[in-house]
Amino acid sequence: MTDSIQTFLDEWSAAEGAGDPERIAAMLTDDFLAVGPLGFILPKQAWLARHSAGELGYDSFSLAEVQVRQHGEAAVVTARNNTAGSYRGHPIPEATRATLVLVREAGNWQLAAAHMSFLAGTRGAPPIPGAVPASGPGTGDGR
């Protein structure tokens, strides 16, 4: 592992993007827990199984707009997670807002928790409440 948060995030993004459950497993705490954009909860083994079963495939996976707030041996990271790929043959959202909780154990950063939220207006996200649809009946697009 590494003592640099940014290096850790780069390595984690590369492992996720490559779908490498062994590398990812080494970067997660034993009690890792993720909350997906629809509110579902994935403990460590379920998070890893997404890759092991071949159900999830990324064409790209990166973090942008990264903000880090370090508090001793813990850090809270907020970022935009930009992705392209599919899960069980269905396209995944192109972007989510991620909150990542990192902890440093024995000098190494590990990911203890992740929470993903849809980014309104991005491909794959639910429609913005009250927004006027760009296409459909009454828009003159012939549908």
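A residue is called exposed when its relative accessible area is over 50%, and buried when that area is under 20%. In this predicted model, D30 has a relative accessible area of 75% and is therefore exposed.

D30, although exposed, takes part in a salt bridge with K44, and the closest N and O atoms of the two are 3.7 Å apart. D30 belongs to strand 1 (residues 28–35) and K44 to helix 3, so this pair ties together parts of the chain that are 14 residues apart in sequence. K44 has a relative accessible area of 11% and therefore counts as buried.

Helix 1 covers residues 5–18, and its 14 residues should span 20 Å at 1.5 Å a residue; the C-alpha atoms at its ends are 20 Å apart, in agreement with this value. The buried residues of helix 1 are I5, F8, L9, W12, S13, A15 and E16. Viewed down the helix axis, these residues fall within an arc of 165°, so they line one face of helix 1. Just after helix 1, G19 adopts a positive phi of about 65°.

The structure contains 7 salt bridges in total. One of them joins E16 to R50, with 3.1 Å between the closest N and O atoms. This pair links distant parts of the chain, since E16 lies in helix 1 and R50 in helix 3 (residues 44–52), 34 residues apart. E16 is buried because its relative accessibility is 0%, and R50, at 12%, is buried as well. A further salt bridge is formed by D20 and R23, whose closest N and O atoms are 3.8 Å apart. R23 has a relative accessibility of 39% and so counts as partly exposed.

Notes:
Residues are numbered from 1 along each chain as its sequence is written. This is a predicted model: local features need pLDDT of at least 70, side-chain atom pairs count only at pLDDT 80 or more; totals for chains, interfaces and linings use all residues. Side-chain values use heavy atoms; hydrogens and water are left out. Helices (H or I, at least four residues) and strands (E, at least two) are DSSP runs, numbered from the N terminus. The expected span of a helix is 1.5 Å times one less than its number of residues. Buried means under 20% relative accessible area, exposed over 50%, partly exposed in between (1.4 Å probe, protein chains only). The arc is that of the directions from the helix axis to the C-beta atoms. A salt bridge is a side-chain nitrogen of Lys or Arg within 4 Å of a carboxyl oxygen of Asp or Glu.
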